Amino acid sequence: IILDLTGSEIGLKGVKALAEVLKLNKSVTVLNLSYNPITDAGLEILAKALSFNETITTLAVESIEIGDAGVRALAETLRNSGVITHLTLGHNHIRSMGIVALSNSMAETRNIVKLSLAFNSFTLESRAAENL
């Protein structure tokens, strides 16, 4: 099942409710939350819920107003859960620290086969870029 909630004005309250459902989910394989005001706090909640999920292989969180803190939480989930293989993080405010966390996680697990980071605020000057 594809759950596409693009542009649905889901904020922190909505993410909290969705996170509880995703912990128990056994059928959604694609989750698209792009273009919602989720922020770092919301992605941290979502990342924790995804650590319990064993079916979502594609996660799209493009333009959800996140930065390094949210990406670090997601990177930790990716490190501990090998389910997500396709990840879209474009049009956010991710800087070098978030890329380092994501890169380190990916180097350990090697599960991500497709990654989109278009239109973010990082540079590829750090050694972590070697892992991408």
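Is Asn 92 buried or exposed? Here are some notes to read alongside the structure.

1. Before we start: this is a predicted model, where local features need pLDDT of at least 70, side-chain atom pairs count only at pLDDT 80 or more, and totals for chains, interfaces and linings use all residues. Residues are numbered from 1 along each chain as its sequence is written, and side-chain values use heavy atoms, with hydrogens and water left out.

2. Asn 92 is buried, because its relative accessibility is 4% (buried means under 20% relative accessible area, exposed over 50%, partly exposed in between, with a 1.4 Å probe and protein chains only). Look for Asn 92 in the loop between strand 4 (86-88) and helix 4 (96-109); helices (H or I, at least four residues) and strands (E, at least two) are DSSP runs, numbered from the N terminus.

3. The side chain of Asn 92 also reaches the backbone nitrogen of Ile 66, at 3.3 Å.

4. Now for charges: side chains of opposite charge can pair when their charged atoms come close. A salt bridge is a side-chain nitrogen of Lys or Arg within 4 Å of a carboxyl oxygen of Asp or Glu, and the count here is three.

5. In helix 1 (residues 12-24), Glu 20 and Lys 23 sit three residues apart, about one turn of the helix. Their salt bridge has its closest N and O atoms 3.3 Å apart.

6. Glu 76, Arg 79 and Glu 108 are linked in a network of salt bridges. Glu 76 meets Arg 79 at 2.8 Å, N to O, while Glu 108 pairs with Arg 79 at 3.1 Å. The latter pair links distant parts of the chain, with Glu 108 in helix 4 and Arg 79 in helix 3, 29 residues apart.

How values were computed:
A polar contact is a pair of N or O atoms within 3.5 Å; within protein, one must be able to donate a hydrogen and the other to accept it, and residues adjacent in sequence count only if both atoms are side-chain atoms.
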